[in-house]
Amino acid sequence: QGVSSAASDVYKRQVLDDNKVLTLANAQRIPMTENVKLIFEIEQMNHVEPSTVGRCGILYLSVEDLGWNTLFKSYLKSRSELRIMCNPNEIEIVSDCVKNYIEEPNIMEEIDKNYAPSLQTNKAVKAISFITIFNALLKQHTSLDKAGYEQLFIFSMCWGLGGLLEMDKRDHFQKFLLERAVTVKNMPMYLSLIHI
C-alpha cells in the first residue's frame, strides 16, 4: 500500500515472475505457492514499469466514481444482513435522513463552499467519519423510533461532517441541520455541538 517506486517494483516483479519469490527488505526470500494471491494497493502509478503492469490486473477505483452514497448503501445493507437494526423500517428511515440532510441540500458541497473546514478532506472520508459515529451510537440502542434515528443522524453529521469546522461554523451548521429536521427541533444538551 502507498506510492509505488522503482525499488519496490523490483520486489513486485520477483513475486510476479515465474520464480514467485517474495524478497523482504531484510533480504529474506519467501517462495510463494500456487494458491497465494497478492493485491497491491497504490496511490498512483507514475513510477510503475510497463513490465510490472503487464503482469498485473489493474483495477482503478476513484473516490469520485464510487461516491459517498455507495458507502451509505453498503453500510445499511450490512446492518440489514446482520439483522442488527433497531427498527424494522431502519433502511427506509435512514434513507429518508440521507435524502433530507445530505442529498437534497448537497451538504458535502455545502460544507466545502460555505463552512470553510480547517482541514480539507474528500467526500468518502467525511462519509466514513459520519458512518463510524452513527454506527457507534446505534450500537447503544436496541429499539429506536424515527425521532431517535433523526437525533442520532444529526449528531453524527455534526461531528462526522462538521467536526473539522471552526466553533462559530459548527453552531451555524447545527442550526442549518435543525432547520431541516422533521421530528427533532432541539437537540438535548449532551447531543449538542454548540455547547461543547
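Where do Asp171 and Lys175 lie, and how many residues apart? In this predicted model, both residues are in helix α9, 4 residues apart, about one turn of the helix. An α-helix has 3.6 residues a turn, so residues three or four places apart point the same way. Asp171 and Lys175 form a salt bridge, with 3.5 Å between the closest N and O atoms. Asp171 is partly exposed, at 24% relative accessibility. Lys175 is also partly exposed, with a relative accessible area of 45%.

The whole structure contains 8 salt bridges. One of them joins Glu34 to Lys20, with the closest N and O atoms 3.7 Å apart. This pair links distant parts of the chain, 14 residues apart. Glu34 sits in the loop between β2 (29-31) and α2 (50-55). Lys20 sits in the loop between α1 (6-16) and β1 (21-23). Glu34 counts as exposed, because its relative accessibility is 61%. Lys20 is partly exposed at 28%.

A further salt bridge pairs Arg79 with Glu90, and here the closest N and O atoms are 2.6 Å apart. The pair again links distant parts of the chain: Arg79 belongs to helix α4 and Glu90 to helix α5, 11 residues apart. Both partners fall under the 20% limit for burial. Arg79 is buried, with a relative accessible area of 3%. Glu90 is buried as well, with a relative accessible area of 1%. Elsewhere, salt bridges link Lys99, Glu104 and Arg180 in a network.

The largest nonpolar core holds 37 residues. Tyr101, Ile102, Ile107, Phe134, Phe153, Met157 and Phe173 touch the most other members. Two or more residues each come from α4 (68-81), α5 (90-103), α6 (107-115), α7 (123-138), α8 and α9 (167-180). Helix α8 gives the most to this core, with 7 residues.

Helix α8 covers residues 146-160. Its 15 residues should span 21 Å at 1.5 Å a residue. The end C-alpha atoms are 20 Å apart, which agrees with that expectation. Of the 15 residues, 11 are buried, so α8 is largely enclosed by the rest of the structure. Among the buried residues are Gly148, Glu150, Ile154, Phe155 and Gly160. The cover over the buried residues of α8 includes α5, α6, α7 and α9.

Ser156 is a residue of α8. Its relative accessibility is 0%, so Ser156 counts as buried. A polar atom of the Ser156 side chain lies 2.8 Å from the backbone oxygen of Leu152. Beyond its neighbours within four places in sequence, Ser156 is in contact with Phe130, Ile133, Phe134, Leu137 and Leu161. Phe134 in turn touches Tyr75, Val94, Tyr149, Leu152, Phe153 and Ser156, with residues up to four places away in sequence not counted. Phe134 is also one of the core residues that touch the most other members.

The structure holds 0 disulfides. Cys158 is buried at 0% relative accessibility. Cys86 counts as buried too, at 7% relative accessibility.

Key: Residues are numbered from 1 along each chain as its sequence is written. This is a predicted model: local features need pLDDT of at least 70, side-chain atom pairs count only at pLDDT 80 or more; totals for chains, interfaces and linings use all residues. Side-chain values use heavy atoms; hydrogens and water are left out. Buried means under 20% relative accessible area, exposed over 50%, partly exposed in between (1.4 Å probe, protein chains only). A polar contact is a pair of N or O atoms within 3.5 Å; within protein, one must be able to donate a hydrogen and the other to accept it, and residues adjacent in sequence count only if both atoms are side-chain atoms. Contact means heavy atoms within 4.5 Å. A nonpolar core is a set of buried Ala, Val, Leu, Ile, Met, Phe, Trp, Tyr and Cys residues joined through side-chain atoms within 4.5 Å. The expected span of a helix is 1.5 Å times one less than its number of residues. A disulfide is a pair of cysteine sulfur atoms within 2.5 Å. A salt bridge is a side-chain nitrogen of Lys or Arg within 4 Å of a carboxyl oxygen of Asp or Glu.
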